[in-house]
Amino acid sequence: MFNAEFIIFVAYFLFMIGIGVFFFIRSKSGGEKEYFLGGRNMGPWVSALSAGASDMSAWVLMGLPASIYALGVGQAWIAIGLAIGYTLSWLIEAPRLRRYSIAAKDSITIPQYLTNRFLSKSRALQIISAIIFLVAYTIYAASSIKACGTLFNTVMGIDATLAMYVAAVIIIAYTFLGGFSAVCWTDFFQGLLMLGALLIAPIFALGVINAGDGIGSLEALPDGYWNLFSNWKDVVSGLGWGLGYFGMPHIIIRFMSLRSEKDLKKSAKIGITWTVVILAFSVLSGVIGHLLLGEIADSSVVFITMVRKIFPALISGLLLSAILAAAMSTADSQLLASASAFSSDVYKPIIRKDKASKKEMLWASRFVVLVISIIAVLIASDPGAGTIMALVENAWGVFGAAFGPVIMLSLFWRRFNFQGAVAGIITGASVDILWLIFLKDTGIYEIIPGFILGALVAVIVSLLTKVPDDEVTLIFDKVKNKEIGD
């Protein structure tokens with residue numbers, strides 16, 4: 001089994017690198033827009049599955065099933081909140097953001113969009129955003145790399161730290177070479193693999209249980225396991241996860257990369273369907289895993305253990321590659337978003353005073369990818385860094401609280417101004433972090449107070465400061481009426 005699974009993993013890694021090499025050769029003449037946004041030429045299937053795969057990191061195959069397995073279906077509110085938030089982001093946020101990013105001087109990053117949205121010459125938003133990007137994405141990437149280490153250690157007994165370094169090298173390779181196009185296409189294939197694994201494993205496991213081969217039983221489940229409303233804090237915090245989608249840069253950047261409004265509508269249908277199915281079967285994996293396996297020492301490996309118990313080596317290797325797919329598809333998007341924030345929003349305009357060439361910009365971006373990856377591996381290999389789910393939760397909260405309210409206000413409120421945006425981002429991020437440090441014991445997810453107070457401060461500051469210039473409101477009106485950026 002070890003040899004067969006190892007061969008599958010190696011073949012998978014080589015395939016991912018091959019995609020990176022292909023787009024490196026194909027886009028040598030491209031510049032920033034090609035490297036960071038794929039030239040705004042992504043089709044609906046690639047954009048939809050890439051957005052979903054970059055969102056659903058290894059926690060959807062390890063973290064969420066582990067929570068359901070150990071604590072019961074009350075933890076399913078995380079999946080419910082995410083499904084609602086993802087759906088609303090595609091239906092409400094995506095169309096306006098795509099048009100507005102084009103109207104706002106053809107912005108290719110979220111910090112660029114926020115600055116150009118107000119026609120501001122100040123670099124404050126770009127610098128603040130870049131700092132948050134670099135810190136939060138390093139933590140987020142650490143969760144994905146940690147998942148790769150756990151997978152190799154559980155399946156093959158390979159040292160987890162060594163496995164983390166190997167996974168990081170592979171992720172760096174195709175992100176470093178191919179940029180946004182390589183990331184989107186690898187995410188597309190990884191999204192298909194994740195969907196297949198989460199559909200196949202629980203269904204086959206349920207068949208094994210019905211045949212009488214399961215270890216657990218309904219009677220053996222803890223009291224209250226099936227109670228969806230066992231704790232109101234779980235309900236509120238779970239639904240709060242959905243707020244993160246409105247400000248998650250590596251996801252909403254896919255909205256900006258689409259070719260047309262027509263493709264966006266098709267992408268929305270594909271992406272929403274994919275995500276709802278993935279989340280539903282992730283929850284089922286936790287429940288069915290408990291019935292199949294009974295009690296196991298480490299709940300984070302319930303999906304891995306379930307797959308290896310049911311399937312022969314070649315098939316289990318392929319299905320477990322979905323965990324690699326989930327981890328890598330998120331990490332690559334995070335690394336690219338961090339690199340774009342630094343090179344386009346700090347290095348080029350501030351350090352190099354807009355004198356950097358296309359080639360220099362690309363190499364500056366690649367350097368950032370390398371540095372963040374190294375720091376992420378160091379965090380992931382630290383035993384005190386926390387669980388995979390905890391790392392994701394922390395980074396998700398910061399992004400959602402900092403950027404979610406500001407981006408939504410920038411798209412739908414004509415009176416919103418630059419000062420309000422700066423205040424909203426700083427407040428959202430600060431409240432989220434302070435709540436995590438001092439008030440985590442309340443049981444309320446920190447994204448909720450961060451999002452609410454960030455939005456409130458952004459509105460108050462905007463009303464107390466100067467009304468946006470006529471040119472700014474004119475662009476807003478044209479985007480609203482679909483006169484530009486279509």
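Select G207 to start; this residue lies in helix α8, which covers residues 160-210. The model on the screen is a predicted one. G207 is partly exposed, because its relative accessible area is 38%.

**The whole chain**

Zoom out and show the protein chain as a cartoon. How many helices and strands are there in the protein chain? The cartoon has 18 helices and zero strands. Along the principal axes, the C-alpha atoms fill a box of roughly 70 × 50 × 40 Å. The radius of gyration is 22 Å, which agrees with the value near 23 Å that a compact globule of 486 residues would have.

Switch to a surface view. The accessible surface of the protein chain comes to about 18,100 Å², and 68% of that belongs to carbon and sulfur atoms. Of the 486 residues, 60% are buried. Contacts can also be sorted by separation in sequence: among those between residues at least 6 apart, 85% join residues at least 24 apart.

Colour the charged residues next.

Select S143, which is in helix α7, residues 124-156. Is S143 buried or exposed? S143 is buried, because its relative accessible area is 1% and the cut-off for buried is under 20%. Leaving out residues up to four places away in sequence, S143 touches I388, L391 and V392.

Move to V283, in helix α11. V283 is buried as well, with a relative accessible area of 14%. Which residues is V283 in contact with, apart from neighbours within four places in sequence? They are L64, I68, A76 and A79. V283 and L64 are 219 residues apart in sequence, while their C-alpha atoms are 6.9 Å apart in space.

**Salt bridges**

Side chains of opposite charge can pair when their charged atoms come close. A search of the whole structure finds five such salt bridges; the tour stops at some of them.

Select R99 and E261. Their side chains meet in a salt bridge, with 3.2 Å from N to O. R99 lies in helix α5 (residues 77-103) and E261 in helix α11 (residues 261-293), so the pair ties together parts that are 162 residues apart in sequence. Both R99 and E261 are buried.

Go on to D477 and R414. In this salt bridge the closest N and O atoms are 2.9 Å apart. D477 lies in helix α18 (residues 470-480), and R414 is in the loop between α15 (388-412) and α16 (418-438), so the pair ties together parts 63 residues apart in sequence. D477 is partly exposed, with a relative accessible area of 23%. R414 also counts as partly exposed, at 41% relative accessibility.

Then select D469 and K466. These two form a salt bridge whose closest N and O atoms are 3.7 Å apart. Which side of the cut-off does each residue fall on? Exposed means over 50% relative accessible area. D469 is therefore partly exposed, at 44%, and K466 is exposed, at 60%.

Most residues other than glycine have a negative phi. The last two stops have a positive one.

Select K105, in the loop between α5 and α6 (110-117). Phi of K105 is near 60 degrees, a positive value in a residue other than glycine. K105 is exposed, because its relative accessible area is 57%.

Finish at K482. Where does K482 lie? K482 is in the segment after α18. This lysine is not a glycine, yet its phi is positive, about 60 degrees. K482 is exposed, with a relative accessible area of 51%.

Terms used:
Residues are numbered from 1 along each chain as its sequence is written. This is a predicted model: local features need pLDDT of at least 70, side-chain atom pairs count only at pLDDT 80 or more; totals for chains, interfaces and linings use all residues. Side-chain values use heavy atoms; hydrogens and water are left out. Helices (H or I, at least four residues) and strands (E, at least two) are DSSP runs, numbered from the N terminus. The radius of gyration is taken over C-alpha atoms; the globule rule is 2.2 Å times the number of residues to the power 0.38. Buried means under 20% relative accessible area, exposed over 50%, partly exposed in between (1.4 Å probe, protein chains only). Contact means heavy atoms within 4.5 Å. Accessible areas come from the Shrake-Rupley method with a 1.4 Å probe; for residues, only the protein chains shown count as cover. A salt bridge is a side-chain nitrogen of Lys or Arg within 4 Å of a carboxyl oxygen of Asp or Glu.
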